[in-house]
Amino acid sequence: MTVNIGTTKIWDFGNGKEISIETGKLAKQADGSVVVRQGNTMILATVVSSPEAKEGVDFLPLSVDYQEKFASVGRIPGGFLKREARLSDYEILICRLVDRAARPLFPEDYHADVQVQLSLISSDENILPDALVGLAASAAITLSDIPFNGPMSECRVARIDGKLVINPYKDELERADLDFIVAGTEKDINMVEGESNEISEEDFIEAIRFAHDFIKKQCAAQLELCDAAFGGRKAPREYNHENNDEELKNKIHKECYDKVYAVAKSGGNKNERKEAFAAVLDEFLTQYSEEELESLNMGLVKKYYHEVEYHAMRDMILNDSQRLDGRKLDQVRPIWTEVDYLPAAHGSAVFTRGETQSLTSVTLGSKLDEQMLDSPMNTGYNKFILHYNFPAFSTGEVRPNRGPGRREIGHGNLAMRGLRKMLPGMEENPYTIRVVSDILESNGSSSMATVCAGSLALMDAGIKMRNAVSGIAMGLITSPDNSKYKILSDILGDEDHLGDMDFKVVGTKNGIVACQMDIKIDGLKWEMVEEALLQAKAGRLHILGEMNKTLDAPRPDYKPHAPRIQTLLVDTEFIGAIIGPGGKIIQGIQKDTGTNISIEEKDNKGYVEIAATNGEAMEKAVAIIKGIVSVPEVGEVYNGKVKSVVDFGAFVEILPGKEGLLHISEISWNRIEKMDGVLEVGEEIKVKLIEVDKKTGKYRLSRKVLLPRPEKPANGGPDSNNNDRRRNDRNDRNDRNDRRKDDQTAENKS
């Protein structure tokens, strides 16, 4: 790549946030490479495309990989290998942001392998890289000779303190009530993903328009960079990845179109349509002999027949306003739901909409079950986990189970974002929550079924959701010149595949909480988006109404077999006392009560979380910990336990970890000469706290003040009374002297 070393384009978009693109310095053997920088965050983007397409490939084999280098944040990776391993879910989600925005911009007839690699090589912890990767990828492709109908770019738009902001700093996002990643070209928006706090449809449109204005500037900057590097964009490479047969194409269209149109309009279910479409193709092939079939290019036959299906189904919707399954354009498929389906789970729900079904479970755990996040830009702990599974049998297929793919991770993340917004705060929900959605049937909108089933399952588990959540997937069919269009509610799998838009909207009765939009056409009109949003709102509210028929509010209590968790707020000075030397105290509490206890220090406060399987164990553990953090008060009576016996009295534990001296003179009103046989270690006695030494903080206890005082002899005369008084005074003086000596001994001992 013949480029002047260090060619750079720089521009500023407010608040001191300056972005630069540099090319010609790194990775010069790639077809295109750039370094995008903002502050100390640097992303290296490279693109390479194979010279030719592989034989038999009739699609674009595009792979996008984003990886964060631990060196970018000055850390050494954990684990045994001490090197970057497989991509994390967080990195995969960023890969998808780029893939979904860039893929529609490659020519449909370009089938050579394309690999885009994005590496975070330096990082500023307050600048989020996911807002820069789309710009970096597009700049690298635009600088190359790979055919690409770009440039495109991505940015983050957030509303902070009521004001829309482009690419806010990470710490600013804590105050945002709207957070979207938006991608598009100079003319159109083609991808949106994000979350919000029950915003209106009008607020959604305003945010997307605001982001698009900035995307236009980034696209223009990429073209200026091409001018600086090469004097303009490179001419795209020549290629021929499709060998077409126009005669065969016209023949298939002529003989199959009307039959396919009739099948599309029949309103059958998924399997019936599949069989009927296959029968049309089989009938077409019967006109050929075995010898002719062997010489026929079956790859082209299938391709042209698929094009007939594509056009016939789209024309049927545009011309007749009828859906593949016979529904009206804004009609949602029949819904049935059930909760508490799994008796052993802490919460469960089945949500079925048409031929799409999700079985979702909720498991409640303690702080010890939190998910640990360990990547360069994403560290800490996660208390809400959602896993989405899409087994092959859900679509009647056979394929090996290799674990979750990128699609499953992306769908699960969207559902997680929508449900997370409606979870109660830590005070009402101390649990770590895992939601698992298993898709048992699929014919479109399985991620939205996960949202609906997840909301029901969480409420079935007793989680005090702020509002119930539902989701709907919207579709779009347009004519070639965009003069006609139809918005479809609750799209089928075929309508997603053959349509121009997949717009998933998640929300409550009050507004939108999450969205994911992918658009496959040029010339998207804003009125289309506005109409889709309003139609989505009506569908979303209809689905909520159906869900409410089964369960319209969270259960008043958790399931009997669910763990019980209680969080105590304590002063940080008591954390050490709860843990004890070497963890002795906390381990002893867990062993004695059968509970799990975890402690976290946050915002100069101590959070003690207690997880128990029954109420009795919880009460016992709470009482012990409250005892540890309690401050003994003079005049209070305690049930104490004798911890040790000495010559001058006994040390009695009045609260966990807090002992006081019960002097021999305070045990009884009768004078005790020796401690032999008076008290035993482990004996429980009632004592009263009579004094806290101001200098040492030692506790002085008394037992005798809780006992009846002996009455004076009834027949004693004046002399005997005087003698008794003198004897008692002498005993009191002796006791005080003894106490002073014994207190010093006790202090030296302690």
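Which side chain meets that of Arg-75 in a salt bridge? In this predicted model, the partner is Asp-374, with 2.3 Å from N to O. The two residues come from distant parts of the chain, 299 residues apart. Arg-75 sits in the loop between strand S5 (62–68) and helix H1 (89–102), while Asp-374 belongs to strand S14 (residues 371–375).

**Salt bridges**

| Pair | N to O distance | Places in the chain |
|---|---|---|
| Arg-75 and Asp-374 | 2.3 Å | loop between S5 and H1; strand S14 |
| Asp-130 and Arg-156 | 2.8 Å | loop between S6 and H2; strand S7 |
| Glu-307 and Lys-249 | 3.8 Å | helix H7; helix H4 |

Are the partners buried or exposed? Buried means under 20% relative accessible area. Asp-130 has a value of 10%, so it is buried, and Arg-156, at 4%, counts as buried too. Arg-75 is partly exposed because its relative accessible area is 29%, and Asp-374 is partly exposed at 41%. Glu-307, at 24%, is partly exposed, as is Lys-249 at 32%.

Salt bridges can also join up into a network, and one links Arg-100, Glu-193, Glu-195, Arg-417, Arg-420, Lys-421 and Asp-518.

**Inside the protein**

Now let's look at the nonpolar residues. The largest nonpolar core has 112 residues, and those touching the most other members are Phe-180, Phe-204, Ile-433, Ile-463 and Phe-503. Helix H7 (residues 298–320) gives the most to this core, with 10 residues. Leaving aside residues up to four places away in sequence, Phe-204 touches several residues, among them Phe-180, Val-192, Phe-503 and Leu-533. A second, separate core holds 51 residues, including Val-34, Val-36, Leu-60 and Ala-136.

Ala-136 is also one of the buried residues of helix H2. Why is helix H2 (residues 133–143) described as largely enclosed by the rest of the structure? The reason is that 11 of its 11 residues are buried.

Val-637, Ile-690, Val-705 and Leu-706 make a nonpolar surface patch of about 280 Å². Leu-706 is in the loop between strand S29 (699–702) and helix H15 (718–749), and it counts as partly exposed because its relative accessibility is 35%.

Another loop, between strand S28 (684–692) and S29, holds Thr-696. The side chain of Thr-696 reaches the backbone nitrogen of Lys-698 at 3.3 Å. With a relative accessibility of 33%, Thr-696 is partly exposed.

Note on methods:
Residues numbered from 1 in each chain as written. Predicted model: local features only at pLDDT ≥ 70, side-chain atom pairs only at ≥ 80, totals over all residues. Heavy atoms only, no water. Core = buried A, V, L, I, M, F, W, Y, C linked by side-chain atoms within 4.5 Å. Buried < 20%, exposed > 50% of the residue type's maximum accessible area, 1.4 Å probe, protein only. Helix = DSSP H or I, 4+ residues; strand = E, 2+ residues; numbered from the N terminus. Contact = heavy atoms within 4.5 Å. Patch = residues over 30% accessible without salt bridge, like charges linked within 9 Å, V, L, I, M, F, W, Y side chains within 5 Å. Areas by Shrake-Rupley, 256 points an atom, 1.4 Å probe, with all protein chains shown as cover. Salt bridge = Lys/Arg side-chain N within 4 Å of Asp/Glu carboxyl O. Polar contact = N/O pair within 3.5 Å; in protein donor to acceptor, adjacent residues only side chain to side chain.
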